[in-house]
Amino acid sequence: MDGITYVDVGQGPVTLFVHGVGTSSYLWRNVIAELRDERRCVALDLPAHGGSEPRDDLSIPALAEAVEELCAGLGLDEVDLVANDTGGAVAQVFAVRHPGRLRSLTLTNCDVHTNTPPEAFKDTVELAVRGELAGLVAAVLDHPELLAGTALGAGYEHIDDPAELVDAYLRPILAKPDGGRAFERLLASIDAADMVAIEPRLTVLTVPTLVVWGTGDVFFDVSWARWLRDTIPGVREVVEIEGGRLFFPDERAAELVPHLRRFWGRA
């Protein structure tokens, strides 16, 4: 787990949180605030995000290896895994590789199968491929009000303090030596082939699974939540968060947490 930073608070059954592209463990702060008195909450920064260092391989399977490194390093033998966005793709790969490490799996709006990356995010990926994204991200550091017009901003229903999100998510990425280029490499590495390849193993994944999906997401339509339900035999329930966007686990954490508690009580 060299170069991986993480939040680790509370005591009790372990919940491991995985964020997606362009965010960090900070995404889960509101969920953790509600659960830390009853659970041990661990939230990592994926490589190149937050305080974690970039790596040569930043593909989805390689990010799943980073999650496994953290589990091994912290001795996390059985976790309730909760994931969002690209972290959901990482979690699916992790789950089929290490089902024995999972007490349960919860997927919120995330990359699924051929919708990786989603159509509405492909222009951003193309900027990364051309090496033009890091400069645009740097401009947002100086002008946080521009966040609302970015793909990151589109993941929120309301952004009350764009500077807070810029400082938590984007500034740490660019603060690393060559961090902007690493971020571009990560986006360019997102490949639907990695997700299509694990479909046969998802069809036999019996880990108890909850799917919680915001219905107002421009990136991940609720039809993908139903694809997960119809593909993974362990799915117990699909919960829809009316109007929720991609990052509803952040801004609507109080709606997500009761579903987690109820699910964990039955898993």
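**Figure 1. The accessible surface and overall build of the protein.** In this predicted model, the accessible surface comes to about 10,300 Å², and carbon and sulfur atoms hold 48% of that area. Accessible areas come from the Shrake-Rupley method with a 1.4 Å probe, and for residues only the protein chains shown count as cover. The C-alpha trace spans about 45 × 40 × 35 Å along its principal axes. With 267 residues, a compact globule would have a radius of gyration near 18 Å, and the 17 Å of this protein agrees; the radius is taken over C-alpha atoms, and the globule rule is 2.2 Å times the number of residues to the power 0.38. You will find 12 helices and 7 strands, which are DSSP runs numbered from the N terminus (helices: H or I, at least four residues; strands: E, at least two).

A word on reading the views: residues are numbered from 1 along each chain as its sequence is written, and side-chain values use heavy atoms, with hydrogens and water left out. As this is a predicted model, local features need pLDDT of at least 70, side-chain atom pairs count only at pLDDT 80 or more, and totals for chains, interfaces and linings use all residues.

Figure 2. Counting a disulfide as a pair of cysteine sulfur atoms within 2.5 Å, the protein has 0 disulfides. For Cys71, the nearest cysteine sulfur belongs to Cys41, 14 Å away. For Cys110, the nearest is that of Cys71, at 18 Å. Cys71 counts as buried because its relative accessibility is 0%, and Cys110 is likewise buried at 0%. Here buried means under 20% relative accessible area, exposed over 50%, and partly exposed in between (1.4 Å probe, protein chains only).

**Figure 3. Trp213 in strand β6.** This strand covers residues 209-214. Trp213 is buried, with 0% relative accessibility. Look for Val239 too: its C-alpha atom is 6.2 Å from that of Trp213, although 26 residues separate the pair along the chain.

**Figure 4. The cis peptide bond at Pro117.** Most peptide bonds are trans. Thr116 and Pro117, however, are joined by a cis bond with omega about -5°. Pro117 sits in the loop between β5 (102-110) and α4 (122-129).

**Figure 5. Two aspartates with positive phi.** Most residues other than glycine have a negative phi. Asp85, in strand β4 (residues 79-85), has a positive phi of about 60° and is buried, with a relative accessible area of 7%. Asp178 also has a positive phi of about 60°; this residue lies in the loop between α6 (162-175) and α7 (179-189) and is exposed at 57%.
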